[in-house]
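The stops below are meant to be selected one after another.

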Amino acid sequence: MMIVVDIDVMLARRKMSVAEFAEAVGITPANVAVLKNGRAKAVRFTTLDAVCRVLDCQPGDVLRWVPDDETSAAAQPVGP
C-alpha cells in the first residue's frame, strides 16, 4: 500500500508557492519537497493540522491511499 500526498495539487488550486506554503505551515521548503515526492515516513498531526489550516482543506484532500501491485496480487484468488 502507498499513501500519496497531493500537496502540489492543493497548492496549484490555491495559487500558492512552495515557499509561501512552507512559511505559513512552519516547515522548510525541503520538508515540503519530501512530502510532495512521497519520501516522508511520517507526518505529525500538528503538521497535518497546519497544512489543512493553511490550505483550508480536510486531511483527505491532501492524503490518499493507493494499493500497490503486491497488495492487489495478494488479494486475488488463485486457482479454479
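**Before you start**

This is a predicted model, in which local features need pLDDT of at least 70 and side-chain atom pairs count only at pLDDT 80 or more, while totals for chains, interfaces and linings use all residues. Residues are numbered from 1 along each chain as its sequence is written, and side-chain values use heavy atoms, with hydrogens and water left out.

**Stop 1: the whole chain**

Show the cartoon. The secondary structure comes to six helices and two strands, in the order β-α-α-α-α-α-β-α along the sequence. Helices (H or I, at least four residues) and strands (E, at least two) are DSSP runs, numbered from the N terminus. Of the 80 residues, 26% count as buried. Buried means under 20% relative accessible area, exposed over 50%, and partly exposed in between, with a 1.4 Å probe and protein chains only. Two residues are in contact when heavy atoms lie within 4.5 Å. Among contacts between residues at least 6 apart in sequence, 65% join residues at least 24 apart.

**Stop 2: helix α4**

Select residues 45-55, which form α4. Which residues of α4 are buried? They are Thr47, Leu48, Ala50, Val51, Cys52, Val54 and Leu55. An α-helix has 3.6 residues a turn, so residues three or four places apart point the same way. The cover over the buried residues of α4 includes α1, α2 (18-25), α5 (59-62) and β2. Now pick Val25: leaving aside its neighbours within four places in sequence, Val25 is in contact with Thr47, Ala50, Val51 and Val54.

**Stop 3: the largest nonpolar core**

A nonpolar core is a set of buried Ala, Val, Leu, Ile, Met, Phe, Trp, Tyr and Cys residues joined through side-chain atoms within 4.5 Å. The largest one has 18 residues, of which Ile7, Phe21, Val25, Val51, Leu55, Cys57 and Val62 touch the most other members. Two or more residues come from each of α1, α2, α3 (29-36) and α4. The most come from α4, which gives six.

**Stop 4: a cavity and a pocket**

On a 1 Å grid over the protein atoms alone, a cavity is a set of points where a 1.4 Å probe fits but cannot get out; a pocket is an open set with protein on both sides within 12 Å along at least five of seven lines, and lining residues have an atom within 4 Å of a point. Grid points are joined across faces, edges and corners, and a volume is the space filled by probe spheres set on the points.

Select Val5, Ile7, Leu35, Val43, Leu48, Val51, Val62 and Leu63, which line the largest cavity. Its volume is about 40 Å³.

The largest pocket has a volume of about 270 Å³. Its lining includes Met2, Ile3, Val5, Asn37, Arg39 and Lys41. The largest share of this lining, three residues, comes from β1.

**Stop 5: the salt bridge**

How many salt bridges does the structure hold? The structure holds one, a salt bridge being a side-chain nitrogen of Lys or Arg within 4 Å of a carboxyl oxygen of Asp or Glu. Select Arg64 and Asp6, whose closest N and O atoms are 2.6 Å apart. Arg64 is in strand β2 (residues 63-66) and Asp6 in the loop between β1 (2-5) and α1 (7-14), 58 residues apart. Arg64 is partly exposed, at 40% relative accessibility, whereas Asp6 is buried, at 14%.
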